[in-house]
Structure formats: C-alpha cells, structure tokens
Amino acid sequence: MAWCDDPRLHPREPLAEVLRRLIAALEREPGSACPVCEGERLVWKYGLDHEPSAGPVCTDCGILVPRPVLTPEALAVTRRGRLLLVSA
C-alpha cells in the first residue's frame, strides 16, 4: 500500500497510478528519488501512524518511500536527518 502520513500531503495522481509506479520501482534497480513523483527531497521520519513506524518520506508528495527502491546511500543520507538532494 502507498502510505501518506499526512493526509494533507499526498500524490496528485490516482491511487492506481501511484501503485503502478511503486511496483515498477520495485522491479528495477534502486534509486535516490521518490518513485511516485520523482521528488528529490526525502527525509527520515519517526512515529508514523502505521507500520513501518519510521522510514524515508518524500516531502513533495508525502508517501513513505519503500526502502527497497532506494540505494543504500540514499537510505543512509535520509537516516542522518539531512534532505537528500539529487543532482540532475
């Protein structure tokens, strides 16, 4: 499921499209951006209202980004509490 911790911030696309993008991301090599909106700003959040209760959240579309779609480096950067900014 595509979790959004803050109901005021969520993807603009229909749920079916969000799920399609998440599934496609799980089938390819990990990256460093949000697989739903390609947002480059990921932050590690704790105390989420669902399981997992912590993880990388996209500040652009609000989804909890599945850990397997991110590189180890991207996960490490978000865990350290810095915004992950991807260069073009």
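View 1. The model is predicted, so local features need pLDDT of at least 70 and side-chain atom pairs count only at pLDDT 80 or more, while totals for chains, interfaces and linings use all residues. Residues are numbered from 1 along each chain as its sequence is written, and side-chain values use heavy atoms, with hydrogens and water left out. Of the 88 residues, 35% are buried (under 20% relative accessible area, with exposed meaning over 50%; 1.4 Å probe, protein chains only).

**View 2. Here's the largest nonpolar core, with 16 residues.** Such a core is a set of buried Ala, Val, Leu, Ile, Met, Phe, Trp, Tyr and Cys residues joined through side-chain atoms within 4.5 Å. Cys34, Val36, Cys58, Ile63, Val65 and Leu70 have the most contacts inside it. Helix H1 (15-26), strand E1 (42-46), strand E2 (54-58) and helix H2 (72-79) each give two or more residues, and H1 gives the most, with three.

**View 3. Zooming in on Leu70 and what it touches.** Skipping residues up to four places away in sequence, Leu70 is in contact (heavy atoms within 4.5 Å) with Pro30, Gly31, Ser32, Ala33, Leu42, Pro56, Val65 and Leu75.

**View 4. Helix H2 has a buried side and a face turned away from it.** Ala74, Leu75, Val77 and Thr78 are the buried ones. They sit on the same side of H2 because they cover an arc of only 165° around the axis, going by the directions from the helix axis to the C-beta atoms. These buried residues pack against E1 and E2, whereas the face turned away carries exposed Pro72 and Glu73. After H2 comes Gly81, with a positive phi near 85°.

How values were computed:
Helix = DSSP H or I, 4+ residues; strand = E, 2+ residues; numbered from the N terminus.
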